[in-house]
Structure formats: C-alpha cells, structure tokens
Amino acid sequence: MNKNIDAGKFLKQLRIDNGELLYDMAKKLNMSVVDISAIEFDKMEAPDGFWEKVYEVYNIKSSYILNFRLNRCIKNDREAIKGKACILDRVKSILNLHKEE
C-alpha cells in the first residue's frame, strides 16, 4: 500500500463503506479488533500479505482505490485551495499511479 494515500484512512473508509464494525472486519480478515484499529490509526504497520487479503476479501477493484485517492486530494486541496494548479497536478499524479497498478 502506498503511504501517500493514507492506508489507515483507506481501511477505515472501506469498513464504513461496507457497513461494518471493527469486529466484522477483524473476523473477515482473521485478525484481532485491536490490530485492525491500530492499522486504521496508523499505530501499526499492516503485516505481510494484509493488503492482498483485504483486496481479495472485499473484492476491491483499482477504481475504488482511485476514487479514494481523488476524494482525499480534493479534501486536502479544499483546505489549501490557494495553489490553483494543485488539484490538476495531484489528479495527474494519481492517474499516473493508477496506470502503474
């Protein structure tokens, strides 16, 4: 998982989008609630193979990840809208990252 997309926030949003509690996600991923929470709050690195399992269990497509990245950029840019080209540069960067996946 690329650190610049806020892995913990991504995991939390995925859980919320699926209408799940921490317990539900932990059970699906065969992990403890404490570990899922720690990953969401960036207190713990995800273990090896974690993201592959998340993608498989939740049937995540690259479009979901791209949408998450765009929404994060838009939110961040609203807070710092002074740079007029910032949004376009970020979208271009994200689209380039998306092509690499």
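Mentor: The discussion below concerns a predicted model, and each label is set against its criterion.

Trainee: Why is Glu40 called buried?

Mentor: Buried means under 20% relative accessible area. Glu40 has a relative accessible area of 6%, so Glu40 is buried. This residue lies in helix α3, which spans residues 33-40 and in which Ile36, Ala38 and Ile39 are buried as well.

Trainee: What covers the buried residues of α3?

Mentor: The cover includes α1 (7-17), α2 and α4 (50-57). For Glu40 itself, leaving aside neighbours within four places in sequence, the contacts are Gly8, Lys9, Leu11, Lys12, Arg15 and Leu22. Just after α3, Asp42 has a positive phi of about 55°.

Trainee: What makes the pair of Glu40 and Arg15 a salt bridge?

Mentor: The criterion is a side-chain nitrogen of Lys or Arg within 4 Å of a carboxyl oxygen of Asp or Glu. The N to O distance between the side chains of Glu40 and Arg15 is 2.7 Å, and the cut-off is 4 Å, so the pair qualifies. The pair links distant parts of the chain, with Glu40 in helix α3 and Arg15 in helix α1, 25 residues apart.

Trainee: Why may the link between Glu40 and Arg15 also be called a polar contact?

Mentor: A polar contact requires N or O atoms within 3.5 Å, one able to donate a hydrogen and the other to accept it. The side chains of Glu40 and Arg15 are joined by such a contact at 2.7 Å.

Trainee: Is Arg15 buried or exposed?

Mentor: Arg15 has a relative accessible area of 10%, and the limit for buried is 20%, so Arg15 is buried.

Trainee: How many salt bridges are there by this rule?

Mentor: The count is two. Besides the pair of Glu40 and Arg15, Lys28 forms a salt bridge with Glu20, and their closest N and O atoms are 2.5 Å apart.

Trainee: Why does Tyr23 count as exposed?

Mentor: Exposed means over 50% relative accessible area. Tyr23 is at 53%, and therefore counts as exposed. Tyr23 is found in helix α2 (residues 22-29). Together with Leu21 and Val33, Tyr23 forms a nonpolar patch on the surface, with about 320 Å² of accessible area for the three together.

Trainee: Which residues have the most contacts inside the largest nonpolar core?

Mentor: That core has 15 residues, and those with the most contacts inside it are Leu11, Leu29, Ile36, Phe50, Trp51 and Val54. At least two residues of this core come from each of α1, α2, α3 and α4. The most are given by α1, with four residues.

Trainee: Which residues does Val54 touch?

Mentor: Not counting residues up to four places away in sequence, Val54 touches Leu11, Leu14, Leu29, Asn59 and Ile60.

Trainee: Why is Ile60 called buried?

Mentor: Ile60 has a relative accessible area of 14%, and the limit is 20%, so Ile60 is buried. Ile60 lies in the loop between α4 and α5 (62-79). Its C-alpha atom is separated by 9.3 Å from that of Leu14, and the two residues are 46 residues apart along the chain.

Conventions:
Residues numbered from 1 in each chain as written. Predicted model: local features only at pLDDT ≥ 70, side-chain atom pairs only at ≥ 80, totals over all residues. Heavy atoms only, no water. Patch = residues over 30% accessible without salt bridge, like charges linked within 9 Å, V, L, I, M, F, W, Y side chains within 5 Å. Areas by Shrake-Rupley, 256 points an atom, 1.4 Å probe, with all protein chains shown as cover. Buried < 20%, exposed > 50% of the residue type's maximum accessible area, 1.4 Å probe, protein only. Contact = heavy atoms within 4.5 Å. Core = buried A, V, L, I, M, F, W, Y, C linked by side-chain atoms within 4.5 Å.
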